[in-house]
Amino acid sequence: MRVSVVGSGYVGTTLAACLADAGHDVTAVDIDPDVVAAINDGHAAIHEPGLDELLAEHAGDRLRATTAYDGVPDADLTFLAVGTPSNSDGSIDLAGLSAAAETVGKAIARASDGATGGTGENDRHLVVIKSTITPGGVATIRDAVRRGAGPVADRVEVATNPEFLREGTAVADFKQPDKVVFGTEATWALDRLEALYEPLLETTDAPVVRTDPETAVTIKYANNAFLASKVSLANDLGNVCKAFGIDAYEVMDAVGLDDRIGARFLRSGVGWGGSCFPKDVDALRAAAREQGYEPAMLDAAVAVNDGQPERMLELLDSHVDVAGDRVAVLGLAFKPGTDDTRNSRAIPVIEGLLERDAAVVGYDPVATETMRERFPDIEYAESAGEAIEGAVGALVVTDWDEFAALDGEFDAMAEPVVIDGRRIVERREGITYEGLTW
Ligand SMILES: NC(=O)C1=CN([C@@H]2O[C@H](COP(=O)(O)OP(=O)(O)OC[C@H]3O[C@@H](n4cnc5c(N)ncnc54)[C@H](O)[C@@H]3O)[C@@H](O)[C@H]2O)C=CC1
Ligand SMILES: O=C(O)[C@H]1O[C@H](OP(=O)(O)OP(=O)(O)OC[C@H]2O[C@@H](n3ccc(=O)[nH]c3=O)[C@H](O)[C@@H]2O)[C@H](O)[C@@H](O)[C@@H]1O
């Protein structure tokens, strides 16, 4: 099938590359010429394991990138995968997505040249919202597409198909999803979505949920809200464990054996960050409040999460006064496997250290440059060993595997105080080790 994907970030590029890999003919559209050039060159503008290999294989063949929307009218489906950032009150900002939606509509209208006839399947256009939007946003985006399409608006259908991939494992998650959700009430649109996904679903047992567009996007929010709250509950329980000197990991490993609970997303520590959990939980809270409901559990999940970085800093304070001294922050990305630092827990940790007048040195295997934009004045090291050399404290914020291998490097610390926010460094002789919840 012919597919256009508008927006080539973490989701759009993964979607475009995986659909090309599944045999479809894909055009990736982005307003950023550097992103487009990178894809056409066979690599991604972002760090995502497995993505460069797919782009190298398919770019220039079944996958092309462009800043133009010319390919949209000929596509069987057009995905919208543009970002939906937060407004200051937590609600989502649909401006970018609406602009892209309207441009898609205009491209369809231009190609139709004002013709309004034809109700056959091939005269219809299917626009699929991949971006995460609240239920009320579906009508906003549908209106934007139809406004752009003008005289041919009634030939354009808008469906939703929320995405559940995680950064760092995006390609694997897209190819082996836990579920696929289609949100449309038009039979022909559902048929097209099913035909598109057929080669992907052949290789998985993933169940398909078919529902209306608004329910589909609500499933996405409920999913993220549940996972974020699950981690927050693990953190709340973890803080209780720490108060009793009990290892929260031993406790939660056992709790996770109950399959009503499940073993995943029970890792306590410095909390959740990233471009999605914080944004999506806030958007759902804002949307609920707008409807007159205060979502107490979600409010609490955020409050627990916001408290974890400060707990980490207080543990450091209990061992050493860092004013004027070097302190290493190990890990800047919001999770391992990505260069994304959006809402990384490293941000409040660095801010807290700067408030304490520490000389902060950050290290991350891939996310240094993105963090440098936010904190241009702190020092950045080339390795974890270099970062901790001469430091009076090391705060572990991201669970990169390489931190587990640190050993003799700790000998070069001025004071070997290690506060581990991710349970990645092992307790050992010669260092003062504190786990956040163990
Ligand atoms: N990052 C993730 O792991 C996941 C993100 N999502 C959702 O998917 C959406 C996209 O997220 P990301 O890929 O992380 O965003 P991103 O910020 O990485 O990428 C968005 C891309 O859209 C482009 N863009 C902006 N306006 C455009 C326009 N008018 N026309 C064409 N391109 C345009 C930007 O240049 C950028 O390359 C968001 O709604 C997000 O909540 C959903 C599941 C997972
Ligand atoms: O909507 C989205 O964009 C995506 O958000 C999350 O994916 P992502 O943010 O990429 O990464 P996660 O693996 O979920 O981690 C999120 C944060 O939670 C933290 N986390 C996760 C699991 C855990 O047990 N403990 C924990 O602290 C991670 O360190 C990270 O900071 C969801 O897991 C995806 O299903 C969803 O598609």
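In strand β9 (residues 326–330), Arg326, Ala328 and Leu330 point one way and Val327 and Val329 the other way. All are buried, that is, under 20% relative accessible area, where exposed means over 50% and partly exposed lies in between (1.4 Å probe, protein chains only). β9 is thus mostly covered, with five of its five residues buried. In a regular strand the side chains alternate between the two faces of the sheet. β9 pairs in the parallel sense with strand β10 (residues 359–363) over five bridges; strands count as paired if DSSP finds at least two bridges between them. Tyr363 in β10 is the bridge partner of Leu330. Helices (H or I, at least four residues) and strands (E, at least two) are DSSP runs, numbered from the N terminus.

The model is predicted: local features need pLDDT of at least 70, side-chain atom pairs count only at pLDDT 80 or more, and totals for chains, interfaces and linings use all residues. Residues are numbered from 1 along each chain as its sequence is written, chains are lettered from A and ligands numbered from 1 in the order in which they are written, and side-chain values use heavy atoms, with hydrogens and water left out.

Lys230 sits in helix α8 (residues 213–244). Lys230 is buried but has no salt bridge, defined as a side-chain nitrogen of Lys or Arg within 4 Å of a carboxyl oxygen of Asp or Glu. The nearest side chain of opposite charge, Asp258, is 10 Å away; Lys and Arg count as positive, Asp and Glu as negative, and His and the chain ends are not counted. The side chain of Lys230 reaches the backbone oxygen of Ile261 at 3.1 Å. Leaving aside neighbours within four places in sequence, Lys230 is in contact (heavy atoms within 4.5 Å) with Ile261, Gly262, Arg264, Phe265 and Leu266.

Leu266 is in the loop between α9 (248–255) and α10 (277–290). At 9% relative accessibility, Leu266 counts as buried. Beyond four places in sequence, Leu266 is in contact with Lys230, Ala234, Met252, Gly256 and Ile261. Gly273 lies in the loop between α9 and α10. Gly273 counts as buried at 9% relative accessibility. With residues up to four places away not counted, Gly273 touches Pro278, Phe334, Arg342, Asn343 and Arg345.

Glu194 forms one with Arg210, the closest N and O atoms being 2.4 Å apart. This pair links distant parts of the chain: Glu194 is in helix α7 (residues 187–201) and Arg210 in strand β8 (residues 208–211), 16 residues apart. Glu194 is partly exposed, at 25% relative accessibility. Arg356 forms a salt bridge with Glu310, the closest N and O atoms being 3.1 Å apart. Here too, distant parts of the chain are linked: Arg356 is in the loop between α12 (346–355) and β10, Glu310 in helix α11 (residues 296–317), 46 residues apart. Arg356 is buried at 18% relative accessibility, whereas Glu310 is partly exposed at 33%. Asp282, Arg285, Arg289, Glu294 and Asp299 are linked in a network of salt bridges.

Key. Polar contact = N/O pair within 3.5 Å; in protein donor to acceptor, adjacent residues only side chain to side chain.
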